[in-house]
Amino acid sequence: MKILYISPENIVGTLTLWKNEHLKRGNECRTVTFFHSSKGFDEDICLNLPFNFTKPILSKMRNIFYKNYRGKEGYFKQKEGYPPIWKPEGRVDKLFLSFKDSLWKPIVEKAIADYALYDFDVVHFESGVDFLKNEFFAKELKNRNKKIICHYHGEDLRTRGVMPYIDTISDLNLTNEVDLLDKHPKIEYLFLPFKTSLFDSKLELNNTIRISHAPTNRYYKGSDTIISICEKLQSEGKIKFDLIENLPHSIALSKKSKSDIFIDQIGNKGGWGYGMNSVESLSMGICTLTEMNNIYNTFIPDHPFISVNANNLETVLRTLLNNRERIMDKGIEGKMWVSNNHDIKSVANKLYNYYARIGLLK
């Protein structure tokens with residue numbers, strides 16, 4: 001079987017992980033990304049297209065622009081619909097997207113020809129987006145009876161919406177985020193994959209407890225509150241606080257591994273629960289804190305997280321600092337749980353079950 005992944009960016013390294021796993025199972029696999037990985041993850045076919053809105057300065061400009069259409073929340077305002085559907089926000093937005101696609105089109109068409117991208121049996125559209133807004137590639141795949149899978153993350157359904165055509169032809173929709181299950185009538189859950197064996201569990205805690213937080217977007221992670229509380233505890237000499245931000249992934253991992261406690265997010269502004277940041281910290285055997293609402297607690301009742309929110313974060317941390325044994329125990333519990341649920345082999349088995357359901361495996 002020939003498997004193709006198309007994604008704006010190899011954001012958290014999962015594309016490489018999937019490619020290696022598919023190869024181990026005797027299949028062919030290629031990955032195509034629009035932009036170079038901002039965190040230095042490996043790349044296969046990278047088109048290096050212009051207008052990369054994952055870059056902070058362009059993302060900020062987009063948010064300011066979208067305030068003209070969506071009000072003070074700008075691009076972060078969640079869209080309505082089941083599922084929400086993408087469309088240009090206005091005349092200026094439509095003109096810009098047309099201009100952008102005119103620049104992208106010759107690069108994309110060359111890549112399709114050079115790498116025979118129509119010859120794959122199944123195509124995973126990470127983020128559920130085609131190369132261009134006219135969705136020409138997906139249309140031709142459908143004409144050739146190829147299997148199409150859309151994998152939605154965070155903003156894809158919260159603030160952008162599904163692409164009008166690809167949503168009607170997708171054979172399977174997937175997500176790693178529980179809140180997105182309520183934003184699409186036909187979507188399945190898949191644990192976020194990780195090579196959990198990369199790290200050993202912590203054997204001991206630092207003399208002074210070290211707490212870390214690693215936001216990719218401070219707004220989404222509720223970082224202002226987290227940083228303020230941790231800096232307060234640090235000024236009292238109770239902890240060492242490590243803000244891990246805007247660093248290559250290898251350096252960020254090294255810093256995180258030295259932590260005793262990791263705080264993922266509070267506020268549920270960028271989705272519920274946890275993401276790759278927590279999967280990494282749990283794999284390191286680090287006691288991990290994040291906000292877990294009632295729906296998430298019901299969906300994954302055996303999770304190892306210590307649940308926190310803006311109102312109780314400081315109290316929870318002060319209590320933990322007086323109970324080093326609990327910090328160690330939660331780290332051990334987290335390591336076992338993440339290995340059982342997020343390890344790439346386990347997650348891939350689930351994906352291949354989905355493959356069988358849509359007729360890819362005979």
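User: What is the strand order in the open sheet of 5 strands?
Analyst: The order is 9-8-10-11-12, with parallel pairing; two strands pair if DSSP finds at least two bridges between them. Strands (E, at least two residues) and helices (H or I, at least four) are DSSP runs numbered from the N terminus. The model is predicted, so local features need pLDDT of at least 70 and side-chain atom pairs pLDDT 80 or more, while totals for chains, interfaces and linings use all residues. Residues are numbered from 1 along each chain as its sequence is written, and side-chain values use heavy atoms, leaving out hydrogens and water.

User: Turning to helix 10, is it mostly covered or exposed?
Analyst: Helix 10 (residues 276-283) is mostly covered, with 8 of its 8 residues buried, that is, under 20% relative accessible area (1.4 Å probe, protein chains only).

User: What do those buried residues pack against?
Analyst: They pack against helix 1 (14-24), helix 9 (249-257), strand 10, strand 11 and helix 13 (324-342), where contact means heavy atoms within 4.5 Å. Just after helix 10, Gly-285 takes a positive phi of about 75 degrees.

User: Which residue types make up the lining of the largest cavity?
Analyst: The lining divides into 3 nonpolar, 4 polar and 1 charged. Among the lining residues are Trp-18, Glu-126, His-151 and His-153.

Conventions. Buried < 20%, exposed > 50% of the residue type's maximum accessible area, 1.4 Å probe, protein only. 1 Å grid on protein atoms, 1.4 Å probe; cavity = no way out; pocket = protein on both sides within 12 Å on 5 of 7 lines; lining within 4 Å. Nonpolar A, V, L, I, M, F, W, Y, C, P; charged D, E, K, R; others polar.
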